[in-house]
Amino acid sequence: MTILNTPAIEGAETATAAGTKAPRRAAASPRSRGDKANWPLTTILVLCALTVVVPLYVTISMAFKTQAQAVDGNAFSLPAPFSLEGFTTAWNLTNFPAAFAVTVLITAGTVAGTVILGALASFAISRNWDRKLFRYSFFYLLAAMFIPFPVVALPQIQLTGLVGLDNPAGVVLLHIMFQLSFSILLFTAFLRSIPTELEESARIDGASTWQTFWQLIFPLLAPMSATVGIFAFLASWNDFMMPSLITSDPALQTLPVVQSIFQTQFSNNYNVSFASYLMAMAPAIIVYLFCQRWVMEGVTQGAVKG
């Protein structure tokens with residue numbers, strides 16, 4: 001009995017030893033791979049970050065300097081002492097509250113209109129994709145992405161003037177129209193990842209198409225709605241060309257246009273000019289910092305069909 005059991009015992013010990021050693025080799029390889037850093041890519045990312053961080057640092061530093069410190073030729077030095085002189089002068093010179101209110105109204109109208117119209121159009125297109133009219137409408141809307149505003153600026157100016165939309169309302173309308181193509185592209189990709197069985201169950205319970213969209217589909221579009229809204233916000237808030245060409249009343253211009261109008265008065269007052277720039281771009285930076293995770297989540301969820 002002992003002679004017969006010896007090979008089995010030895011085989012079991014060998015298998016056990018092999019089994020204990022195998023995980024050690026498997027665990028060692030990922031650790032060795034993780035120690036390798038992609039230094040070329042890291043260097044490129046650092047350089048790209050510096051192209052944003054350095055100008056932002058100079059803007060903040062110059063905005064809090066006095067006029068004498070701003071013209072001393074050392075843009076990278078810290079303000080000593082900190083001064084709000086530039087902000088006060090810029091606030092009064094550009095009538096900042098009025099321009100800020102107009103910009104907020106235009107941006108809010110653009111975001112709301114883009115999200116609602118984009119979601120409605122995308123829902124109709126994605127759920128009627130087998131019909132040629134809806135499928136060709138999608139391609140037609142995508143083709144508008146390749147038409148920049150300067151190409152059609154002259155006819156747009158004439159049309160808005162003829163119908164009395166040479167004001168912030170016309171700017172909101174045009175902003176929505178030029179944002180729809182990209183928004184519908186994102187919404188349509190996201191809607192394809194939502195199972196149609198959810199809508200079928202809602203219809204069995206007696207819900208209409210309108211109720212199905214607002215009570216079921218639109219809440220599910222929240223991540224993509226946040227993404228579309230952020231892109232629309234940034235595009236509308238920073239737009240200079242469209243408000244400057246469409247709006248005929250200088251008192252109803254947006255912040256970028258107002259800053260351009262008073263640019264000559266900022267020529268020798270660097271602290272005032274940088275303070276004005278900082279006040280104009282601060283809301284966009286704050287919104288993006290708080291909402292950037294929704295941008296990545298929405299794009300990722302819309303790109304992968306689950």
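Reader: To begin, how many helices and strands are there in the protein chain?
Author: Please note that this is a predicted model. The protein chain has 14 helices and 0 strands. Its pattern along the sequence therefore reads α-α-α-α-α-α-α-α-α-α-α-α-α-α.

Reader: What share of the residues counts as buried?
Author: The protein chain has 306 residues, and 33% of them count as buried. Its accessible surface comes to about 18100 Å². Carbon and sulfur atoms supply 70% of that surface.

Reader: And what percentage of the contacts with a separation of 6 or more is between residues 24 or more positions apart?
Author: Such pairs account for 74% of those contacts in the protein chain.

Reader: Let us turn to charges. How many salt bridges does the count come to?
Author: The count comes to 1 salt bridge. Arg127 forms this bridge with Glu199, and the closest N and O atoms are 2.5 Å apart.

Reader: Which parts of the chain does that pair tie together?
Author: Arg127 lies in helix α5, residues 96-127, while Glu199 lies in helix α9, so the bridge ties together parts that are 72 residues apart in sequence. Helix α9 itself covers residues 196-204.

Reader: Why would two such side chains pair at all?
Author: Side chains of opposite charge can pair when their charged atoms come close.

Reader: Is Glu199 buried or exposed?
Author: Glu199 is buried, because its relative accessible area is 6% and the cut-off for buried is under 20%.

Reader: What else is Glu199 in contact with, leaving aside its neighbours within four places in sequence?
Author: Besides Arg127, Glu199 is in contact with Phe123, Thr212, Leu216 and Ile217.

Reader: New topic: aromatic rings. How many aromatic pairs does a search of the whole structure find?
Author: The search finds 17 aromatic pairs. One of them joins Phe149 and Phe178, with ring centres 5.6 Å apart and planes at 80 degrees.

Reader: Why is that pair called edge-to-face?
Author: A pair of aromatic rings is described by the distance of the centres and the angle of the planes. The planes of Phe149 and Phe178 stand at 80 degrees, and an angle over 60 counts as edge-to-face, so the pair receives that name.

Reader: Which residues form one aromatic cluster?
Author: That cluster is formed by Trp91, Phe96, Phe100, Phe233 and Trp237.

Reader: Now the outside. Which residues form a nonpolar patch on the surface?
Author: The patch is formed by Val46, Leu47, Leu50, Val54, Tyr57, Phe76 and Leu78, and together they have about 660 Å² of accessible area. Val46 is found in helix α2, residues 39-63. Val46 is partly exposed, with a relative accessible area of 44%.

Reader: What about Val58: is it buried or exposed?
Author: Val58 also lies in helix α2, but Val58 is buried, with a relative accessible area of 14%. Leaving aside neighbours within four places in sequence, Val58 is in contact with Ala75 and Phe76.

Reader: Which backbone oxygen does the side chain of Gln259 reach?
Author: The side chain of Gln259 reaches the backbone oxygen of Ser276 at 2.7 Å. Gln259 lies in helix α13, residues 255-261, and counts as buried at 11% relative accessibility.

Definitions and conventions:
Residues are numbered from 1 along each chain as its sequence is written. Side-chain values use heavy atoms; hydrogens and water are left out. Patches are made of residues with over 30% relative accessible area and no salt bridge: like charges are joined within 9 Å, nonpolar side chains (Val, Leu, Ile, Met, Phe, Trp, Tyr) within 5 Å. Accessible areas come from the Shrake-Rupley method with a 1.4 Å probe; for residues, only the protein chains shown count as cover. A salt bridge is a side-chain nitrogen of Lys or Arg within 4 Å of a carboxyl oxygen of Asp or Glu. Helices (H or I, at least four residues) and strands (E, at least two) are DSSP runs, numbered from the N terminus. Buried means under 20% relative accessible area, exposed over 50%, partly exposed in between (1.4 Å probe, protein chains only). Contact means heavy atoms within 4.5 Å. Rings of Phe, Tyr and Trp (its six-membered ring) pair if their centres lie within 6.5 Å; planes under 30 degrees apart count as stacked, over 60 as edge-to-face and the rest as tilted. A polar contact is a pair of N or O atoms within 3.5 Å; within protein, one must be able to donate a hydrogen and the other to accept it, and residues adjacent in sequence count only if both atoms are side-chain atoms.
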